[in-house]
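Hello,

Here is the structure I said I would pass on.

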Amino acid sequence: MIERIVIIDRVDPVSFYGVNNCNMQLVRNLFPKLRMAARGTVIKVIGDDAETAEFEKKIHELEDYCVKYNKLTEDVILDIVRGDAPKDVKTDGVIIFGINGKPISARNPNQQRLVEAFNKNDLTFALGPAGTGKTYIAIALAVRALKNKEVRKIILSRPAVEAGEKLGFLPGDMKDKIDPYLQPLYDALEDMVPAVKLKEYMETNVIQIAPLAFMRGRTLNDAVIVLDEAQNTTTHQIKMFLTRLGMNAKMIVTGDATQIDLPRSVPSGLMRALKILDGVEGIGKVEFGKKDIVRHALVQRIVEAYERYDNAEKERQDKEPESAE
């Protein structure tokens with residue numbers, strides 16, 4: 001009789017063990033000759049050398065499946081332990097499998113173009129109105145690269161510009177003050193990375209979320225870097241950000257020209273960067289339109305209504321000098 005220790009540190013224990021440890025109970029039933037105890041990422045098993053070795057092999061096969069699909073079901077456990085191949089899960093077009101095995105994939109042609117542009121280029125611009133999924137897909141691509149060990153970290157950033165509100169007097173430390181600006185990035189990550197694993201990644205700086213000002217002076221190697229809401233950067237800020245790109249790193253810059261929250265006298269750095277970098281090799285650009293909106297159907301109608309209003313206002317202002325004459 002020997003004691004063998006099996007470490008499962010690549011998965012969320014909740015996803016692996018199941019609700020009320022139901023998955024672990026099934027594994028116990030499939031290995032009746034072994035005694036085992038599971039706590040966190042450590043499984044201790046006692047029994048015959050050959051059988052404990054087979055147990056460790058099967059646990060790592062289950063771990064591999066859980067890492068890929070973010071879920072573990074009774075049928076999959078039975079198939080893997082018995083030596084059968086689990087039923088095929090459709091992976092065509094899937095970027096990653098999110099929480100509870102939810103497949104995350106491109107939902108329209110422009111989202112697919114963003115996936116392809118990211119694969120081909122080290123810097124990709126994704127431009128378009130709210131609700132087109134450009135940030136969500138960008139973060140999914142970053143998580144995929146991390147899971148596939150193509151990079152060692154993910155860095156997500158946003159310029160800390162208020163959309164009409166003043167948050168400077170909120171209570172708390174620096175993190176408490178900047179988190180409201182970065183919440184949309186947390187929301188996307190929580191859809192894709194199990195809570196326990198996400199907390200671990202955040203605490204070990206594998207996933208870093210920071211306002212744009214914190215990027216100065218850094219060289220970002222072995223990472224996927226996403227800059228969200230880039231239309232609210234100044235010319236100096238976006239130049240500073242783009243020149244942080246290091247070895248084995250990729251950047252995705254997202255923005256919406258219709259939602260610039262900078263003072264009127266300050267030009268958008270994103271708009272200027274697009275002109276300056278037009279035609280530069282290694283840079284991709286994907287432009288989303290109103291038809292690409294994947295939120296509630298009403299969002300598309302709201303965007304169209306505001307666009308009609310803005311066009312009418314522009315026409316009215318253009319005519320005013322003529323009528324004055």
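Tyr17 is buried, at a relative accessible area of 6%, and Phe16 is buried too, at 3% (buried means under 20% relative accessible area, exposed over 50%, partly exposed in between, with a 1.4 Å probe and protein chains only). The ring centres of Phe16 and Tyr17 are 5.6 Å apart and the planes stand at 80°, so this pair is edge-to-face. Rings of Phe, Tyr and Trp (its six-membered ring) pair if their centres lie within 6.5 Å; planes under 30 degrees apart count as stacked, over 60 as edge-to-face and the rest as tilted.

This is a predicted model, in which local features need pLDDT of at least 70 and side-chain atom pairs count only at pLDDT 80 or more, while totals for chains, interfaces and linings use all residues. Residues are numbered from 1 along each chain as its sequence is written, and side-chain values use heavy atoms, with hydrogens and water left out.

The structure has 4 aromatic pairs. One of them is tilted: Tyr65 and Tyr69, with ring centres 4.5 Å apart and planes at 45°. Both residues are buried and sit in helix H3 (residues 49-69), 4 residues apart, about one turn of the helix. Helices (H or I, at least four residues) and strands (E, at least two) are DSSP runs, numbered from the N terminus. Together with Phe97, Tyr65 and Tyr69 make up one aromatic cluster.

Asp49 also belongs to H3 and is partly exposed, at 46% relative accessibility. Leaving aside neighbours within four places in sequence, Asp49 contacts Ile2 and Arg4 (contact means heavy atoms within 4.5 Å). The side chains of Asp49 and Arg4 are joined by a polar contact of 2.8 Å (a pair of N or O atoms within 3.5 Å; within protein, one must be able to donate a hydrogen and the other to accept it, and residues adjacent in sequence count only if both atoms are side-chain atoms). Asp49 and Arg4 are 45 residues apart along the chain, with 8.5 Å between their C-alpha atoms.

The largest nonpolar core has 38 residues, of which Ile139, Val143, Leu156, Leu189, Met192, Ile207 and Ile209 touch the most other members. Such a core is a set of buried Ala, Val, Leu, Ile, Met, Phe, Trp, Tyr and Cys residues joined through side-chain atoms within 4.5 Å. Helix H6 contributes the most to this core, 9 residues. Apart from this core lies another, of 28 residues, including Phe16, Phe31, Tyr69 and Ile80.

Regards
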